[in-house]
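Reader: I would like to go through the labels on this structure one by one. Please show it first.

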Amino acid sequence: RASAFTALQSAIWDTGNRAAVISNSFADQPSPNPDSPFYEAYRQLFVDAALNNQTVFNALGDFGSSNATGNGLTNFGYSLTSPYAIMVGGTSLSTTGVAESPRSE
């Protein structure tokens, strides 16, 4: 089964048709903790892209700054954050009534 990681890996290491710019709007869920080996694998993947002279744009998500987690904090998917990638987005649209109501799982 493919994942966001393997899709990015394929785009970065496709030697026959290497893209100069990669646009990614997917993430692996759940996002790995920054201390996990999975986070390190993602980190290295974006370093590989930079070393290949590729620009990576990652969609931060369309769940607002809370990332659809109602804890009052800023939340984001760790797997997509990197100083070697450009984060884009992080927006949401809703009515005041929906925004004020508790999120149901």
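Reader: Where is isoleucine 86 placed?

Author: Isoleucine 86 is in strand E3, residues 86-89. The model is a predicted one.

Reader: Why does isoleucine 86 count as partly exposed?

Author: Its relative accessibility is 39%. Buried means under 20% and exposed means over 50%. The value for isoleucine 86 lies in between, so the residue is partly exposed.

Reader: Which residues form the nonpolar patch on the surface?

Author: Val21, Phe57, Ile86 and Val88 form it. Together they have about 310 Å² of accessible area.

Reader: What makes the contact between arginine 43 and glutamate 40 a salt bridge?

Author: The closest N and O atoms are 2.8 Å apart. The rule asks for a nitrogen within 4 Å of a carboxyl oxygen. At 2.8 Å the pair meets the rule, so it is called a salt bridge.

Reader: How are arginine 43 and glutamate 40 placed in helix H2?

Author: They are three residues apart in helix H2, and therefore separated by about one helical turn.

Reader: Which residues is aspartate 48 in contact with, leaving aside its neighbours within four places in sequence?

Author: Aspartate 48 is in contact with Ile12 and Trp13.

Reader: Which residues make up the largest nonpolar core?

Author: Eleven residues in all. They are Ala4, Phe5, Leu8, Ile12, Ile22, Tyr42, Leu45, Phe46, Ala49, Val56 and Ala85. Helix H1 (4-13) and helix H2 (37-51) are the elements that give two or more residues to this core.

Reader: Why is it called a core?

Author: The term requires buried residues of the listed nonpolar kinds, joined through side-chain atoms within 4.5 Å.

Reader: Which residues does leucine 8 contact, apart from neighbours within four places in sequence?

Author: Leucine 8 is in contact with Ile22, Asn24, Tyr42, Leu45, Phe46 and Val56.

Reader: What is the phi of asparagine 53, and where is the residue placed?

Author: Asparagine 53 has a positive phi of about 60°, although it is not a glycine. Its place is in the loop between H2 and strand E2 (55-61).

Reader: Why is asparagine 53 called exposed?

Author: Its relative accessible area is 67%. The cut-off for exposed is over 50%, so asparagine 53 is exposed.

Reader: Why does serine 25 get that label?

Author: Serine 25 lies in the loop between strand E1 (21-24) and H2. Its relative accessible area is 52%. That is over 50%, so serine 25 is exposed.

Reader: How far is serine 25 from leucine 60, C-alpha to C-alpha?

Author: The two are 7.7 Å apart in space and 35 residues apart in sequence. Leucine 60 is found in strand E2. At 32% relative accessibility, leucine 60 counts as partly exposed.

Reader: What pattern does the protein follow along the sequence?

Author: The pattern is α-β-α-β-β-α. That comes to three helices and three strands.

Reader: What share of the residues counts as buried?

Author: Of the 105 residues, 28% count as buried.

Conventions: Residues numbered from 1 in each chain as written. Predicted model: local features only at pLDDT ≥ 70, side-chain atom pairs only at ≥ 80, totals over all residues. Heavy atoms only, no water. Buried < 20%, exposed > 50% of the residue type's maximum accessible area, 1.4 Å probe, protein only. Helix = DSSP H or I, 4+ residues; strand = E, 2+ residues; numbered from the N terminus. Contact = heavy atoms within 4.5 Å. Salt bridge = Lys/Arg side-chain N within 4 Å of Asp/Glu carboxyl O. Patch = residues over 30% accessible without salt bridge, like charges linked within 9 Å, V, L, I, M, F, W, Y side chains within 5 Å. Areas by Shrake-Rupley, 256 points an atom, 1.4 Å probe, with all protein chains shown as cover.
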